[in-house]
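Me: I've got a model open and want to go through its packing. Can you walk me through it?

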Amino acid sequence: MGQAEHITRTSCRGCHGVCQVLVHRDHNGLITNITGDAGSATSGGYICPKGRYAAQTLYHPDRVTRPMLRKKGRGEGVFEAISWEAAIDLMAERFDSIRKNFGAEYIAVAQGTGRPYTEFTARFCHALGSPNLVGPAHNCFIPRNICASITLGWFPQPDVYGRGGAMPKCLMIFGSNVIESGGADGYCGKMVLSAFNKAEKTIVIDPRATASARKSSLHLALRPGTECALLLAMIHTVIRDKAYHKDFVEQHCTGFAALQEHVRPFTPAWAEAITRVPAQDIEEAALSFAHISPASLIWGNGVDESVSAFQTARAMFILLALCGTLDVPGGMVRWVPPATIRCKSFMVDSAVSGMQFLPPEQKAKVINSFPFCPGAHPPSFWRACIHGQPYKPKALWLVGTNPILTHTRGDIVQRALRDHLEFTVCSDFFLTPTAAMADLVLPAAHWLEQDDVVYFHKIWCVLSRKKLAQVGECRDDRDVILELAHKLGLDAVFPWQSWQDYLEWLVEPSGMNFADFAAQDIVFGQMRYKKYETEGFPTPSGKVELVSSVMQGLNVPALPVYTEPPLSPLSAPELAADYPLILMTGCKLTPFFHTEGRNIPALRKLHPEPLVEMHPAKAQELGLHEGQRVRVSTPYGTQEFVLHKDERLAPDVVHAEHAWWFPEQKGPDYGCFTSNANLLFSHDHPEHYDPLSGAECLKSFLCRVEAVYEPDV
Ligand SMILES: Nc1nc2c(c(=O)[nH]1)N[C@H]1C(S)=C(S)[C@@H](COP(=O)(O)OP(=O)(O)OC[C@H]3O[C@@H](n4cnc5c(=O)[nH]c(N)nc54)[C@H](O)[C@@H]3O)O[C@H]1N2
Ligand SMILES: Nc1nc2c(c(=O)[nH]1)N[C@H]1C(S)=C(S)[C@@H](COP(=O)(O)OP(=O)(O)OC[C@H]3O[C@@H](n4cnc5c(=O)[nH]c(N)nc54)[C@H](O)[C@@H]3O)O[C@H]1N2
Ligand code: SF4
Ligand SMILES: [Mo]
């Protein structure tokens, strides 16, 4: 390898991607190193292992580099390389025929977490006329987003950058571990840590004593799944002690009297019995959040993956409103995006998702019975593929997702893909367990191979991304979507000729072309605070709806109520006798992004095996030792993990990692059914879902842990 001759500033997309990084290339253009960018306003020089070793994914020998068509049975692993033209022609022909003969709802598009392609996958699905966009959103972030839109009309974000001249004085981290995992939801762990270190009061609400919990002023180690009860008691306290912001509540909220009445029974003592958090700690957290201003909040999957997910989010937004922290510097703000770059995030402008192009009669055909679940409800969708209720989808395009591992019941997902769907396409970097089932596999471009206007989540600034490499025939997902959309006659929704053409259109109002924009690297929005004083809140009443009129209209509880997890020591004591441990799954791991990274040597070395974490005292009681193979069982499945003692947990709470597969093992399964935390859950019990968002209780279940018998020879 020659000496590094070029260093280019770009932005990483190894996770939700907020870090600006420096990519070092040698004189042959080969990427030799990736480092943090100390001058970055979004990441301050941070880089995590996923970013640092990104070129190991880019240049990986197992990467899919050409479109591949299945030649033998599904999952037999025999593919033939075909041209892009043939691949796109085949998709256009199959999608068109299904659309004409059966209806567009029979074609579904599946996508993963927030990734570069998301604004175009949704748009393509809706343009085609299908409501069946399938993704992990019901368990992640989007219920909070939808809840925000009905409660206050926009999604408040923590103002942890200090650009408005104030940093949060009180910072609450609630069911999020972004400081350790590296980045999430548009926030870099380092920037959150720096705000955390500067705050006068820090409150961490997490069943585990995470790094931030250990450093916090107050750690509430609640029982998993009881967040809503905790929040109801915090609201009770703030109202009881008249600690709420009276002017804000009087001028900008509806329903205060009803709320006051509603929370009267939810005392800190009531919540202590449910959450295990001492009543005085609940009071201290509530009063600190109300009195130490500005107060800000980082929250995460700890609140999403529960049967109370939507009501928890409602309670949280109510607390934010009562504490008067909305849209103040250092509080929970509505970012102002750069005015001269066209919007590219459907989180900011729902029109980007193309939902307006979906006819109402098609919208009604969505496979989803939950009022606030976006797109298709994945468990319902996979079951529909097999049982045909309400109908049997025929085609599926999976773009950047590995649902055999990341959705519950990968066995059902695999059956749907292998035995039921008529035509499946998977766009990915690798032949994952999911891609191995597909009829057609498309080689996706990696972020190092993409030019982009980086907008998703980072709505206080927009970043640039630059194409710095090209491996084989890998191609930007969005460019593929554009070509296919044009073949299917969807030009009105996709008026851009090519990806490059779209990028030029996005930056056009700024007077720059894409090259100028890319050279500038970052464009800031002009932040203004307290915009509600002149604009109100974009809800039906124009105010923050403490009592939600939208929920009243749907005849669902319009003030937050707590639901006990369906499998818990309180709700199912008989079951708990056999399954005495509370199971949390899928807390994010620094070296991996969900299923990604298991085949990257530098990352796998950092975390070689699938772990289940347990308190040392409990391990001792069960006679289990560090590094031992153990079975984790629920009433719905048994999977194997390696035991890791972890003092951060309560003695009756365990954590099993998610998304484990073993690319070094034999396909098509690559060991994906051995240590798959998502095989421990069930699909067919309605009470296992949040009735409002369809969220699943991935962080509050019951299990037992036993040694795997290993014969002594
Ligand atoms: N039990 C349990 N399960 C969970 C969770 C949990 O906490 N517990 N967390 C859930 C959450 S929060 C989420 S968001 C989901 C995530 O679920 P998914 O988004 O399905 O995550 P991945 O499995 O990483 O799937 C990504 C796949 O896309 C490929 N890929 C990456 N980038 C691109 C790209 O730009 N284009 C294309 N075409 N392919 C790409 C990767 O190689 C990988 O195979 O998992 C959920 N699953
Ligand atoms: N390195 C890395 N970074 C990632 C990802 C990744 O896979 N790897 N995934 C990305 C994605 S898609 C997402 S959605 C985000 C998610 O990132 P986070 O929101 O941080 O989600 P988790 O790590 O799943 O859980 C966060 C914390 O919630 C706690 N928790 C568990 N159960 C409960 C509970 O019942 N109540 C409460 N209050 N807390 C609980 C856990 O102990 C954990 O510390 O991370 C993103 N960033
Ligand atoms: S935290 Fe995310 S964006 Fe930052 S370097 Fe790591 S993978 Fe890249
Ligand atoms: Mo997520």
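Me: Which residues come nearest to ligand 3?

Reply: Cys12, Cys15, Gly17, Cys19 and Cys48, out of 13 residues around ligand 3. Near here means a heavy atom within 4 Å. This is a predicted model, where local features need pLDDT of at least 70, side-chain atom pairs count only at pLDDT 80 or more, and totals for chains, interfaces and linings use all residues. Residues are numbered from 1 along each chain as written, chains are lettered from A and ligands numbered from 1 in written order, and side-chain values use heavy atoms, without hydrogens and water.

Me: How does the shell around ligand 3 divide by class?

Reply: Seven nonpolar, five polar and one charged. Ala, Val, Leu, Ile, Met, Phe, Trp, Tyr, Cys and Pro count as nonpolar, Asp, Glu, Lys and Arg as charged, and the others, Gly among them, as polar.

Me: Switching to helices. At what angle do H9 and H13 cross?

Reply: Roughly 60 degrees, with the axes of H9 (residues 227-240) and H13 (residues 279-291) coming within 9 Å. That makes H9 oblique to H13. Angles under 35 degrees count as roughly parallel, over 145 as roughly antiparallel, 65 to 115 as roughly perpendicular, and the rest as oblique. Axes are lines fitted to C-alpha atoms, for helices over the stretch in contact, and angles run from 0 to 180 degrees between N-to-C directions. Helices (H or I, at least four residues) and strands (E, at least two) are DSSP runs numbered from the N terminus.

Me: Which residues of H9 and H13 meet?

Reply: Leu230, Ala233, Met234, Thr237, Val238 and Arg240 in H9 meet Ile282, Glu283, Ala285, Ala286, Leu287 and Ala290 in H13. Contact means heavy atoms within 4.5 Å. By class, the H9 contact with H13 has nine nonpolar, one polar and two charged residues.

Me: And how does H12 sit against H13?

Reply: H12 and H13 are roughly perpendicular to each other. The axes of H12 (residues 268-275) and H13 come within 8 Å and cross at roughly 115 degrees. Pro268, Ala269, Ala271, Glu272 and Thr275 in H12 touch Ala279, Ile282 and Glu283 in H13. Five of the residues in the H12 contact with H13 are nonpolar, one is polar and two are charged.

Me: What about H9 and H15?

Reply: H9 and H15 (residues 309-322) pack at about 25 degrees, axes 9 Å apart. H9 and H15 are therefore roughly parallel. The H9 side includes Leu231 and Ile235, and the H15 side includes Ala315 and Leu319. The contact of H9 with H15 has eleven nonpolar, two polar and one charged residues.

Me: Sheets now. Which strands does H13 lie across?

Reply: E9, E12 (201-205), E13 and E15, at about 125 degrees to E13. Those four strands form an open sheet, ordered E13-E12-E9-E15, with parallel pairing. Two strands pair if DSSP finds at least two bridges between them. E13 (218-220) and E15 (295-299) are the edge strands, each pairing on one side only. The twist averages 15 degrees from one strand to the next.

Me: How many bridges link E9 and E15?

Reply: Five, in the parallel sense, with E9 at residues 170-174. Leucine 171 has serine 296 in E15 as its bridge partner.

Me: What order do the strands take in the seven-strand sheet?

Reply: E5-E4-E19-E18-E17-E6-E7, open, with mixed pairing. E5 (79-81) and E7 (133-134) stand at the edges with a single partner strand each, so one side of each has no neighbour in the sheet.

Me: And where does H20 lie?

Reply: H20 (residues 477-487) lies across E17, E18 and E19, at about 150 degrees to E17.
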